[in-house]
Amino acid sequence: MSAQGPVIVISETGAAPYANALAEAGHFPVVESDWDGALDAIADIQPAAIVADDGAAHPAQMSNMAAYASTLSPYVPLIVTGGARRDSYCLPLHAPGDPKCLAMRLHSALRVRASHAAVMRRLAGYEAGLARLYQCDPLNEAVVLLAGR
């Protein structure tokens, strides 16, 4: 899958160990930020995805970041390492030490982003359809399809 844009990595130390793993997995550019500048970095960079360490030390900033990321369009995945789900918008990653697992989770989240972008492009000429799309809660309208080979 081609790169959809920058990936921002937010860490307490400012230099997360998984930033290098994402760069090695082909995600480019990977931009690092600390918690204090996270919202400004997201607004400036407009990332395709956000990877944050466990925000237990920064619950208010994590909540603000999740609320802001949920308003962005197309969908911007927020992956939180450490496995703690701090917000309903966050995607928890239960194996933060495994860079392969993080790369796979990010790859699948970016496929959802690509699908959302395609739907938004197709609805661009249909303002009435777009208004109807945002009137319902997607979680209440969710359908699960299981297919196997």
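Is D53 buried or exposed? In this predicted model, D53 has a relative accessible area of 14% and is therefore classed as buried, the limit for that class being under 20%.

View 1. Leaving aside residues up to four places away in sequence, D53 is in contact with I10, S11, E12, Y18, W35, M62, V80 and T81.

**View 2. Polar contacts made by the side chain of D53.** A polar atom of the D53 side chain lies 3.0 Å from the backbone nitrogen of E12. The side chain of D53 is also joined to that of W35 by a polar contact of 2.9 Å.

**View 3. The open sheet of 5 strands.** The strands follow the order β2-β1-β3-β4-β5 and their pairing is parallel. Because β2 (30–33) and β5 (91–93) each have a single partner strand, they form the edges, and one side of each has no neighbour in the sheet. On average, neighbouring strands of this sheet are turned by 25 degrees against each other, direction ignored.

**View 4. Pairing of β4 with β5.** Strand β4, residues 78–81, pairs with β5 in the parallel sense over 3 bridges. Within this pairing, T81 stands opposite L93 of β5. T81 is also one of the residues that D53 touches.

**View 5. Helix α2 across the sheet strands β1, β2 and β3.** Helix α2 comprises residues 38–45 and lies across these strands. The helix runs at about 175 degrees to β1 (7–10).

Technical notes. Residues numbered from 1 in each chain as written. Predicted model: local features only at pLDDT ≥ 70, side-chain atom pairs only at ≥ 80, totals over all residues. Heavy atoms only, no water. Buried < 20%, exposed > 50% of the residue type's maximum accessible area, 1.4 Å probe, protein only. Polar contact = N/O pair within 3.5 Å; in protein donor to acceptor, adjacent residues only side chain to side chain. Contact = heavy atoms within 4.5 Å. Pairing = 2+ DSSP bridges. Helix = DSSP H or I, 4+ residues; strand = E, 2+ residues; numbered from the N terminus. Axes fitted to C-alpha atoms, helices over the stretch in contact; angles between N-to-C directions.
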